[in-house]
Amino acid sequence: MRIAAVDLAAAQLGLVPGLTLADARARVPQLDVFASDPHADLDWLERLADGCARYTPTVALAPPDGLILDIAGCVHEFEGERPLAADVEARMARRGIAARHAFGDTPAIAHALARFAGAPAPDERRAIRRLPVAALGLDDEASVALTRAGLKTVGDVMDRPLAGIAARFGAGAVTAIRRLSGEAKTPVVARRNIAPIAAERRFAEPIAHSDVALAVLAELAGEAIETLERRHEGGRRWEVRLFRTDGAVQSLRVETGQPTRDVALLMRLFRERIDSLADPLDPGFGYDLIRLDIALAERLDATQLKLEGGQSQTAEMAALVDQLSTRLGRSRIRRFAPRDRHIPEQAELMLPATAAPAVESWPTPEPGEPPLRPIHLFDPPQRIESMMAEVPDGPPRRFRWRRTVHEVARAEGPERIAGEWWRRHDAPIPTRDYFRVEDQRGRRFWIFRHGLYSETETPAWYLHGLFA
Amino acid sequence: MRESSALIESLRRAAPFGVSAGARDPVEAWLRQGLARAQLHELYALDAQDAAAATGFAVALAIAAGALPLLWIRTDDAERRHGRILGAGLVELGMAPTALVIASVADEAGLLRAAADAARCAGLGTLVVESHDRAPRIDLTATRRLMLAAEASGVTVLLLRLGAEPTPSAATTRWGVTAIPSTPLPTDAPGHPSFAVELLRRRGGPAGARWRVEWKRDDRYFAPIADSAPLSGARLPVAADRAAARHPRAPVRRAG
């Protein structure tokens, strides 16, 4: 077993990552050891990143233990970069986290300056040049080779012609150098997209009641809706994030099927969402920042109200669908959509009703014909015991389903539906022969024989659906 | 134009099921009068084997009345045990799938909660609440709540009680639906959906009438099957499997 990471106290005792545990114990007998769990570390980092969303919408992870915050245009709340950094460090310190920060023109420069210590320098360019070559982030072998060649700092490497470095250490080394010199861009992979419309409220004194938080939320929604109104848009995806003083962040999302600018509707949905939470909203020591993002907005022109007042029918229906979807989950409120397949159980899909309906083409029933498809479909089909199938290709005279024997009085068929042989090549798919049958008491069933007599010895019979 | 038609629509809401479209025969008139809009109606399939018939009858009713959109609430258990709903089958009954939303809920408590919310939504035409077996939570209180919501919003609530015995409820009417042999097509193939419908109970009016009707999808109405004027119970060949004694002869009003 080897040491994966050490804290400040251990580092001062001369322990370094990579040392075997036995060696470390021999040097420091009273060592506290914990099992390394990289996944839990990453999870923790994610949560810190969530908390840092209070400073800027663009937060990126630099695993295993770094965060990159793009604070361009975000410092006005703190009157400068340094008070902002002080606030970050104070919050981290409250949770027992030792943090080190650095500012840079690009993420790569800030990253290198935060991780590596060089000689003091008057400005950023020179500070970068004085960093050790390890700051380039090359593999150990390359770093050692550079050091052996007498190139101790980043500045030394930068002075060399790049062609030589590319020839010796590859294109990766050149990119690393260009990044630190600010010539190459470092893309920041933000954890979330910046919402086009957002409203937020900061509190000097944290608010500790959910009711007050909801009232603030309603105000924020009003502000956001004003913006939407100016843009002739309505919001479809809304997210509220409640930042607690202790750094935890709770987020609630609601989605509507139609773009909306209705505060009352929105608040109703948020209340539904809160009611349906597994563990209730816990303000802890209070929220000091509440932010409402509209992640998706769509065009919504002003609508004319009905003559006798009230909304139109479709709007009310859409509101109901949104309400039920928020409480029960999107996948529980569904609509039918046809699919271009001919196997009955695969011929249609059920899609969330909040999603925009697709262009639909249902087959029109033949005039004068009785219904040829059942209203209930068993998936998988239910096995029935068929007795006395008359002629080989005919329907059974009677069958047993769920412990009841049904005498077939009338039947129509077969409607032959072949398996989708172009989808599976390994085994032949039996053909199904469907029959519409009616028993003597008037119940109508959809049954099929799985396989032709030429395909299988004794084909099984199944009940697939029930007619009205 | 649009507003005025909406106004007419709202006025019509108080009237019985689709008065404008004039009933074609006495049976239909009866069905329309009995199944008033903005009320709660119970459709019983006393025998669980008639569940599909009662379900189909409910859908056909909504289509006949033009009370769309339709929201259909059912439990996961119903989905598992009684099969899923097939959109193509509803199209064959004359329904436009775009006017239909299906909600599946975890249990009976969720069913009633969702139903209570949906019954309050005036944008809805028909609300179908599907329940199986005894369903003890659907009691006088729950049905009263649904009834009040329906009266306020104008939604017609059809409560499907499949495989259940009648229990006390606040519904305006209670119907028993059974499947009957259809009029065969020329090749002796099963014909159009046919039902025997019995008015088991009606608030403030006589009950006990029975009809045999056939659903005509193309014309969107229930056609009476020959020899099925509203007769008194005993002579009717309908529902031969059920003891006529269980539902005494018309006209009677029974509590519960």
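**Mixed sheet and aromatic contacts**

R432(A) lies over the face of F448(A), 5.0 Å from the ring centre; a charge sits over a ring if NZ of Lys or CZ of Arg is within 6 Å of the ring centre and within 35 degrees of the ring normal. This is a predicted model, where local features need pLDDT of at least 70 and side-chain atom pairs count only at pLDDT 80 or more, while totals for chains, interfaces and linings use all residues. Residues are numbered from 1 along each chain as its sequence is written, chains are lettered from A and ligands numbered from 1 in the order in which they are written, and side-chain values use heavy atoms, with hydrogens and water left out.

**The sheet**

- An open sheet of 11 strands runs in the order β8(A)-β7(A)-β4(B)-β2(B)-β5(B)-β6(B)-β1(B)-β7(B)-β8(B)-β9(B)-β10(B), with mixed pairing.
- β8 (348–352) of chain A and β10 (221–224) of chain B stand at the edges; each has a single partner strand, so one side of each is left without a neighbour in the sheet.
- From one strand to the next, the twist averages 30°.
- Strands (E, at least two residues) and helices (H or I, at least four) are DSSP runs, numbered from the N terminus.
- Two strands pair if DSSP finds at least two bridges between them.
- β5 (residues 126–132) and β6 (residues 156–162), both of chain B, pair in the parallel sense over 7 bridges.
- L127(B) has V157(B) in β6(B) as its bridge partner.

**The helix across it**

- Helix α3 (residues 51–65) of chain B lies across several strands of chain B, including β1 (40–45), β2 (70–75), β5 and β6.
- Helix α3 runs at about 170° to β6(B); axes are lines fitted to C-alpha atoms, for helices over the stretch in contact (heavy atoms within 4.5 Å), and angles run from 0 to 180 degrees between N-to-C directions.

**Aromatic contacts**

- Over all chains, the structure holds 13 aromatic pairs.
- Rings of Phe, Tyr and Trp (its six-membered ring) pair if their centres lie within 6.5 Å; planes under 30 degrees apart count as stacked, over 60 as edge-to-face and the rest as tilted.
- F435(A) and W461(A) form a tilted pair, 5.8 Å centre to centre, with 35° between the planes.
- That pair links distant parts of the chain: F435(A) is in β12 (residues 432–439) and W461(A) in β14 (residues 460–466), 26 residues apart.
- F435(A) and W461(A) are buried (under 20% relative accessible area; exposed is over 50%, partly exposed in between; 1.4 Å probe, protein chains only).
- W215(B) and F222(B) form a tilted pair at 4.9 Å and 50°.
- W215(B) is buried at 2% relative accessible area, and F222(B) is buried at 2%.
- F378(A), F399(A), W401(A) and F445(A) form one aromatic cluster.
- The charged end of R436(A) sits over the ring of F467(A), 6.0 Å from its centre.
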